[in-house]
Amino acid sequence: MCGIVGYIGRQDAAPVVLEGLTRLEHRGYDSAGVAVLGSRGLRVAKQAGRVRDLTDALPRRFAGTTGIGHTRWATHGPATDANAHPHTDELERVAVVHNGILDNSAALRAELTAAGVELTSDTDTEVLAHLVARSDADTLEGKVRDALAAVVGTYGLAVVHADFPDRIVVARNGSPLVVGVGDKEMYVASDLAAIVRHTTTVAVLDDGEMATVTAAGFSTLRPSDLSATGKTASQVDVDASAYDAGEHESYMRKEMLEQPTTAQAVLRGRLDDRFGTAHLGGLDMDARDLRAVRRVKVLGCGSAYYVGQMGAGLIEELARIPADAEAASEFRYRDPVIEPDTLYVAVSQSGETIDTLLAVQEVRRKGGRCVGLVNVVGSAIARECDGGIYLHAGPEVAVASTKALTNMFLGFALLALQLGRVRDLSIADGRRLVAGLERLPAQIEEVLAGEDDLVEVARGLAEARSLFFIGRVRGFPVAREGAQKFKEISYCHAEAYQTSELKHGPLALIDPDVPTVAVVPHDELTERNVAALHEIAARQGPLVVVTHEEVDLGEVGARRIVVPRNEPELDPILLTIPLQLLAYHAAQHLGHDIDKPRNLAKSVTVE
Ligand code: AGP
């Protein structure tokens, strides 16, 4: 999704901004642009296409020590040079970059046109540049405040003005923005990844906050009256190298291989073998609060929703509390009943997914308690929640989520364990699960070590015009996540189904050209699962089965992928790992850009 980078200091701004933009490429974009303020006034270069194309096409003497840049993901108008940001006013004295969506842009465009302004793009953002330029305020902060007073919608934005070359003014409402502190130089960005090589001293703007950024520092303001909010920067604990792919051919591959280590990180210090439970201080709920929970509702989008289904299953199984998961993108539109004794759990890698954030706000607005399972520390969802569990997966760059997803599952396992142990989950069962969780990182490593055996299988699946992923109960969200990963990066049509539902319709599609990837763990449903495989085999449907050593598939002629067994409740995550590898190798076989799948963005910050 869109990205913002800004720089002000002693260096030439354009190279710093452009380098920052390349760090945001994985988020997904279709055009890029940069504006600098220098001795020749305001200069803008922007075009549809890649950041590297823009860098190559940069005009000569594109110099200036103040600059802002943007990668655009089209929302209003197609990916054209004119629609790329930065947008300027008619005199080209103001430049604006913007993430988010202005809901009343059509009305504002009409007003500006009626006032004689010639709009040059189809975007919602352009109105901001004109509104800033037309404000009578005598400071840039005042001009931006006036523009913001006229707009309705979400934004993270950065503004420069030729009359105020010593500053960048930024503002946030629903779309992330951080200010980074350097030595007599400052940075702004929509994502820490863009500036982490330069500084890890940052201030994260809150919604409804503005900031003035000069080479000497920054000050945060309330847009309403421009009074100071007094925010200071703090050190974030990140390792800049975590944002590099290193020797790996893609971030996705790096992140898949990191899973044994990152799985340890989410468990570290949270398991209590003595009492067979978990300690989750960040939840900010004591035993009495936990016991008062009568129902659990998990909210997330995409893969986070699917892993949320796994999590709801774990909670219901271990804590015997009714639990389910719902797509956060749908939740608030059905005017949900919010119950005081329901624990709402928002799950998100980025912590910035707008649909999930709005669902959290819906819960809290109606007085519900919402905790977060979030990877990015200090992100909007983490801050909006009443408490939560940080996932400690480290930065995840690839659009296709892998290590964060695994840690979401483990976060749910910890939550289920704690909820269970304040209820009827026995200490013996608690200890069994603690031991299972302790074994998991090594078992994930074991599954990853079998990667080479999956390459040919993945290539075969990549050739299919369409495929099914099937599973039952614990295995169904695994199948959903497997299909999701396959679709995202291979672009093959992959559909997830409950194995039990096949014969109620989709069996009609099974033929020798439609392979099925079946999740068949060794559990109480094995027999039923194997029976369904026979139905597929009878129709010559090719089968790939992710299963356990003990499972006898009979004569179905399937390609078996065997994973180690843990405790049945924890097996879903081990069954998920081979599906990541299958998707990865299918996409690689098809020659796709694995980290930047078409049409997708790492964090979806617009509705
Ligand atoms: C996962 O592979 C997908 N890229 C996507 O479904 C993702 O899980 C979803 O957009 C939610 O993102 P979040 O975890 O950052 O909220």
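What follows is a short exchange about the ligand and the pockets.

Reply: Fine. Keep in mind that this is a predicted model.

Me: Which residues come nearest to the ligand?

Reply: There are 15 residues around the ligand, and the nearest are Ser 348, Gln 349, Ser 350, Thr 353 and Glu 488.

Me: What does the polar side-chain atom of Ser 348 lie 2.6 Å from?

Reply: An oxygen atom of the ligand. Glu 488 also has a polar side-chain atom 2.6 Å from an oxygen atom of the ligand.

Me: And which backbone atom is 2.8 Å from a nitrogen atom of the ligand?

Reply: A polar backbone atom of Val 399.

Me: How much of the ligand's accessible area does the protein cover?

Reply: On its own the ligand has 410 Å² of accessible area, and the protein covers 92% of that.

Me: Which pocket does the ligand sit in?

Reply: The second largest pocket. Two elements give two or more residues to the shell around the ligand: helix 9 (303–319) and helix 16 (475–490).

Me: Which helix gives the most to that shell?

Reply: Helix 16, with three residues. By class, the shell has five nonpolar, eight polar and two charged residues.

Me: Back to the pocket itself. What volume does the second largest pocket have?

Reply: About 510 Å³. Its lining has 25 residues, and Cys 301, Gly 302, Ser 303, Lys 602 and Val 604 lie nearest the centre.

Me: Which elements each supply at least two residues of that lining?

Reply: Helix 9, strand 19 (342–348), helix 11 (354–365), helix 13 (403–421) and helix 16. Helix 16 has the largest share, four residues.

Me: How do the lining residues divide by class?

Reply: Into 10 nonpolar, 10 polar and five charged.

Me: Change of topic. What volume does the largest pocket have?

Reply: About 1100 Å³. It is lined by 40 residues, and those closest to its centre are Val 238, Tyr 243, Asn 375, Val 376 and Val 377.

Me: Which elements give two or more residues to the lining of the largest pocket?

Reply: Strand 11 (201–204) and helix 7 (259–267). Helix 7 gives the most, with three residues.

Me: And how many nonpolar, polar and charged residues does that lining have?

Reply: The lining of the largest pocket has 17 nonpolar, 12 polar and 11 charged residues.

How values were computed: Residues are numbered from 1 along each chain as its sequence is written. This is a predicted model: local features need pLDDT of at least 70, side-chain atom pairs count only at pLDDT 80 or more; totals for chains, interfaces and linings use all residues. Side-chain values use heavy atoms; hydrogens and water are left out. A residue is near a molecule or strand if one of its heavy atoms lies within 4 Å of it. A polar contact is a pair of N or O atoms within 3.5 Å; within protein, one must be able to donate a hydrogen and the other to accept it, and residues adjacent in sequence count only if both atoms are side-chain atoms. Accessible areas come from the Shrake-Rupley method with a 1.4 Å probe; for residues, only the protein chains shown count as cover. On a 1 Å grid over the protein atoms alone, a cavity is a set of points where a 1.4 Å probe fits but cannot get out, and a pocket is an open set with protein on both sides within 12 Å along at least five of seven lines; lining residues have an atom within 4 Å of a point. A molecule sits in a cavity or pocket if more than half of its atoms lie within 2 Å of its grid points. Ala, Val, Leu, Ile, Met, Phe, Trp, Tyr, Cys and Pro count as nonpolar, Asp, Glu, Lys and Arg as charged, and the others, Gly among them, as polar. Grid points are joined across faces, edges and corners, and a volume is the space filled by probe spheres set on the points.
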